[in-house]
Amino acid sequence: MATVAHFEVHYTQYLNEKAEILDSLPPFAQDSKNLLPLYRAMALTRLFDKKAVSLQRTGQLGTYASSLGQEAISVAIGHVMVPEDTLLTSYREYGAQLQRGVTMTELLLYWGGDERGMAYQGSRQDFPISVPVASQIPHAVGVGYAIKLRREPRVAVCVLGDGATSKGDFYEAINAAGVWNLPVVFVINNNCWAISVPLEGQTHAQTLAQKAIAAGIPGEQVDGNDVIALQDRIHNGVEKARRGEGPCLIEALTYRLCDHTTADDASRYREQAEVEARWGFDPLQRLRTHLTQVGAWDETQEQALQTELTQQVEEAVQKYLGTLPQAPESMFDYLYETLPTALSGQRQAAIARGKTHA
Ligand SMILES: Cc1ncc(C[n+]2csc(CCOP(=O)(O)OP(=O)(O)O)c2C)c(N)n1
């Protein structure tokens with residue numbers, strides 16, 4: 001018997017959970033000034049997230065999916081992309097969206113049930129949040145195909161959860177991206193849970209990164225709580241794709257420190273001790289410790305940052321709460337070029353009802 005192929009899955013980590021440097025840092029991270037924007041973006045994402053949960057709890061927002069503990073992944077993605085690239089994501093990547101120019105007010109409008117929250121004014125290339133699990137992955141391949149046909153120096157970055165890798169859409173998409181050598185970077189946000197289904201209930205594979213092998217594209221793992229490792233590896237993937245060197249798959253290992261959404265109660269299916277242990281891997285704390293150790297951050301700067309960002313979040317919330325609802329007929333207005341007759345009656349009825357309830 002002969003071995004006809006041999007594969008390896010590499011794992012990258014620069015800062016461990018105690019913020020100890022394991023490997024010499026990549027050039028960008030050797031100057032701590034370059035890390036401050038990442039810390040700032042993670043801090044904003046967390047503050048926004050906390051506020052969104054409290055708005056939901058007080059009846060001022062619909063069901064919301066928190067990104068608590070997963071900020072490093074989305075912040076690194078947002079940081080390495082350029083405005084012309086396209087982000088296609090599920091519902092937990094606020095760090096990337098905020099860096100791409102989606103506003104906090106838009107995100108709140110979206111979770112508040114207002115579709116205008118998905119018509120991103122400052123980020124016209126990006127797709128809206130995808131709630132149907134894995135549906136954004138074939139879309140990313142479509143975008144990648146268009147980019148290639150037009151010979152543009154752009155990249156599509158697609159973010160998905162660990163559960164999404166169990167769907168046919170995922171396999172079909174990475175296969176097509178491989179065959180056509182498309183400029184698409186797939187990032188798996190592996191937070192260990194798909195609502196109440198743990199990773200071992202999703203797959204018997206040792207890693208999710210190895211799923212790339214069957215598609216003939218590079219696959220690798222990265223510590224999803226180490227923003228330096230994330231930035232390094234995602235930047236590498238994005239720039240390779242931009243140079244026409246094809247797609248890749250990056251599995252980022254992290255943990256969902258919160259409930260699945262505000263409609264969930266994770267204490268019904270996972271141990272509190274597991275969650276508490278995972279707080280020791282907190283990506284924000286890790287970068288903060290590193291910055292403090294290299295003398296680039298202190299308590300005074302932290303307080304000033306928190307005050308400034310809290311103010312930003314508050315302004316966005318006030319704008320969201322002050323946004324007048326859309327006219328009731330708007331739900332009919334964006335689906336068809338010419339509204340079918342059956343629906344035009346309903347549209348008129350909605351207008352009339354809106355007037356009586358005004
Ligand atoms: C097509 C589809 N099936 C089922 C659901 C219900 N659902 C919502 S989130 C979720 C789990 C997703 O897990 P994962 O991909 O790991 O992402 P995470 O929520 O952990 O970030 C499921 C099954 C859905 N939204 N879409």
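This is a predicted model: local features need pLDDT of at least 70, side-chain atom pairs count only at pLDDT 80 or more; totals for chains, interfaces and linings use all residues.
A polar side-chain atom of N191 sits 3.1 Å from an oxygen atom of the ligand, and a polar backbone atom of W193 is 2.7 Å from a ligand oxygen. I also checked the surface: the ligand alone exposes 580 Å², of which the protein buries 70%. I listed 15 residues around the ligand, with Y91, R92, V133, G163 and W193 coming nearest. Sorted by class, this shell holds eight nonpolar, four polar and three charged residues.

**Aromatic rings.** My search of the whole structure turned up nine aromatic pairs. I noted Y64 and Y94 as stacked, because their ring centres are 5.4 Å apart and their planes meet at 15°, with under 30 degrees as the cut-off. This pair links distant parts of the chain, 30 residues apart: Y64 is in the loop between α2 (36-57) and α3 (71-80), and Y94 is in helix α4 (residues 94-100). I found Y64 buried at 0% relative accessibility, and Y94 is buried at 0% too.

F170 is buried at 0%, while Y171 is partly exposed at 38%. I also found one aromatic cluster formed by F48, Y64, Y94, Y110 and W111.

**Domains.** Last, I looked up the domain assignment, which gives domain 1 (10-325) and domain 2 (327-357). Their C-alpha centres are 37 Å apart.

Definitions and conventions: Residues are numbered from 1 along each chain as its sequence is written. Side-chain values use heavy atoms; hydrogens and water are left out. Domain bounds come from an automatic or database domain assignment. A residue is near a molecule or strand if one of its heavy atoms lies within 4 Å of it. A polar contact is a pair of N or O atoms within 3.5 Å; within protein, one must be able to donate a hydrogen and the other to accept it, and residues adjacent in sequence count only if both atoms are side-chain atoms. Accessible areas come from the Shrake-Rupley method with a 1.4 Å probe; for residues, only the protein chains shown count as cover. Ala, Val, Leu, Ile, Met, Phe, Trp, Tyr, Cys and Pro count as nonpolar, Asp, Glu, Lys and Arg as charged, and the others, Gly among them, as polar. Rings of Phe, Tyr and Trp (its six-membered ring) pair if their centres lie within 6.5 Å; planes under 30 degrees apart count as stacked, over 60 as edge-to-face and the rest as tilted. Helices (H or I, at least four residues) and strands (E, at least two) are DSSP runs, numbered from the N terminus. Buried means under 20% relative accessible area, exposed over 50%, partly exposed in between (1.4 Å probe, protein chains only).
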